[in-house]
Amino acid sequence: MIVISANNLTKEYDGSNLVLDKVSFAVNKGERIGIIGINGAGKTTLLRMLAGELPPEEGDFFVSSGLRIGYLKQDGGFDSENTVIEEVNKVFEHFPEMEQEMERLLAANALDAYEQLRERYERMGGYMYQSEIRGILTSMAFDESMYNMKVSTLSGGEKTRLALAVLLLEKPDILFLDEPTNHLDIGTLKWLEQYLKGYRGTIMIVSHDRYFLNETVNRIFEIEHGRLSIYEGNYDFYAEERRNRREVEMRHYEKQQKELERQEEMIRRFKQRGTEKLAKRAASREKRLSAMDLMERPDAGHGKLKLNFRQNFQSGKDVLQAEDLSKSFGYGMNRVELFRNVSIDVKRGERVCIVGANGIGKTTLIRMLMGDLVSTTGHIRAGHNVQFGYYDQGQQLLNDSNTVIGELQDAYHLYSEGELRNILGRFLFRGEAVFQEIGDLSGGERARLALLKLMMSGANTLILDEPTNHLDIESKEVFEEALLEFPGTCIIVSHDRYFLNRIPTRIMELTSDGLVNYLGKYDYYVEKKQQLIESGSKYVASLAKAGSGDPAQAEPESGQLSAAEERKLKKEREAEERRLNRRKEALEKEIQRLEEEIESINEELMKPEVMTDHERLRSLSDKMEEDKAALDASYEQWLELQE
């Protein structure tokens, strides 16, 4: 059953900025839609229109009558002096009224009426709502000590979590969620995913969290250049299908461009001949060209972030070593210890990702490693030639009163204004945008500027604190590719699970009692952590012991590969990669040969003497068809190897 439909929805701002252009779609009951696109593409605009908060310029939409809509906004939607528990209790304000009525009926000895109301109270969940409130508030990181805090005193992240808790307690028929994963740690994210999997209503989610989308949605709506494209699967399906579509579109575009060039060259040659017959042919071809439906280049329309990290010089093999670190704040009875027993050994070229619960001290730890904060106990040693580059998640290192270009001029005096403007263009700051004040930038723009400064620093050891926050999906992917190609060392705090499944060479979990090493990526970390929980503390102790040195020295658990087996597998993988690279190179040479041969046949076909020689014409045409078929087959094999 269709619960939401839209027909030719159009929205523009300032009379010229077309955000949505004739968008049409239908959503069935129970479907889970992920809405993605670059920052500013119109994702939030679409949700606001469907929620009735924003009118379209053109088009219309339909939401089934009688269905309740719940809308989670990015700002949390609160402006209240109520306490946390008072805001939550609004959802169930009918239950206290029913309880008072039941007491009145019982006191009046109206037992039949009492029993009817009691049964209705039970069916509606009256006996369960208090425990439901506690359960969801706890899952959203609100313990009972926070129940009486005023909403106005909460942080932005706490307000968002409270708004999400209230929304889930309301159980609307349709959920509109705008960036619901902001400010949630990994544990809370996993809980929310499980909750949404069991949710019986319809969900539309705007999110940049690719792992979350994989776990929660079964359709993807991509908004790009104002148009909507629909993919019938989760994020991984979308990513693969989008890549396939783009490759096909690019091949068609390039094929059309070659055909245009060929036709234009033929027209030019016909005109050069100067004969009346060829002039007519030229005019006929020009007419056909002008009527041709020309394709736009598939990657045209908006700029793409261009990012690459380079180190000015290489560090020594030993990058960072730390032993027995702890950090405490306060004195006496007010003393609070964040963590203790933290030991680290980071080697050149490693990409170490640090995870842990919110508030455990991950940012504090990386600032200690750089020397910005002093540890309470222990000592830290940076290796030879180590140069740190730091990305802070709040971009507090940017000067809000500076312009974008002024921020770079302050840091890098040797660049001319023209050179800086060219570099800024690679980061999508173009034209007058370079003169915007940093205080007026969006979160995504601030993130891009901070990454640009980091790129220009030439540091060989990158310390990154939640670097993918505020980046749209496309920018995240560009950033990840840049990190994978970076020859230096990375130490990264992140809760982005898709990122954690691509980037780290190992994961370290920070706990109050030290670091635990996991020699793999996020899915491995989750699996091994569950095994540790099930098997008790024995293996935890061996990992913690190994964490103070080279992670390769950790004792292998039962079923884990030995060092010799790992080396053998590594050699086999490297040999397979070399074989694939040789195959790709051979295919690329074959593709080049076929393309040159096809071009040569094209030139031959245009010769007047060939055009009148029917046997020669047929022979060349047959050869061209064979070459084109071979070229298509070679392209298909090459594309398979690219995947």
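Trainee: Why is E179 called buried?

Mentor: E179 has a relative accessibility of 8%, and buried means under 20% relative accessible area, with exposed meaning over 50% and partly exposed in between (1.4 Å probe, protein chains only), so E179 counts as buried. This is a predicted model, in which local features need pLDDT of at least 70 and side-chain atom pairs count only at pLDDT 80 or more, while totals for chains, interfaces and linings use all residues. Residues are numbered from 1 along each chain as its sequence is written, and side-chain values use heavy atoms, leaving out hydrogens and water.

Trainee: Where does E179 lie, and what is its phi?

Mentor: E179 belongs to the loop between β6 (174-178) and α7 (186-197), where helices (H or I, at least four residues) and strands (E, at least two) are DSSP runs numbered from the N terminus. Its phi is near 50 degrees, a positive value in a residue other than glycine. Most residues other than glycine have a negative phi. L428, in the loop between α13 (417-426) and α14 (443-457), likewise has a positive phi, near 70 degrees, but L428 is partly exposed, because its relative accessible area is 25%.

Trainee: How do you know whether T10 is buried or exposed, and what is it in contact with?

Mentor: T10, in strand β1 (residues 2-13), has 7% relative accessibility and therefore counts as buried. Contact means heavy atoms within 4.5 Å, and, leaving aside neighbours within four places in sequence, the contacts of T10 include L18, L20, P56 and E58.

Trainee: What makes Y71 and F176 an aromatic pair, and of which kind?

Mentor: Rings of Phe, Tyr and Trp (its six-membered ring) pair if their centres lie within 6.5 Å, with planes under 30 degrees apart counted as stacked, over 60 as edge-to-face and the rest as tilted. The count by this rule comes to 18 aromatic pairs. For Y71 and F176 the centres are 6.4 Å apart and the planes 80 degrees, an edge-to-face pair. Y71 lies in strand β5 (residues 69-72) and F176 in strand β6, so the pair ties together parts that are 105 residues apart in sequence. Y71 is buried at a relative accessible area of 17%, and F176 counts as buried at 0%. Y412 and Y415 are also edge-to-face, because their ring centres are 6.3 Å apart and their planes stand at 85 degrees.

Trainee: What is the distance of R245 from the ring centre of Y231?

Mentor: The charged end of R245 sits over that ring, 3.9 Å from the centre of Y231; the rule asks that NZ of Lys or CZ of Arg be within 6 Å of the ring centre and within 35 degrees of the ring normal. R448 lies over the face of F429 at 4.9 Å from the ring centre.

Trainee: In helix α3, which residues are buried, and how do you know where they fall around the axis?

Mentor: F95, M98, M102 and L105 are buried in α3. Seen down the axis, the buried residues of α3 fall within an arc of 80 degrees, so they line one face of the helix; the arc is that of the directions from the helix axis to the C-beta atoms. On the other side of α3, E97, Q100, E103 and A107 are exposed, while α4 (111-123) and α5 (129-139) are among what covers its buried residues.
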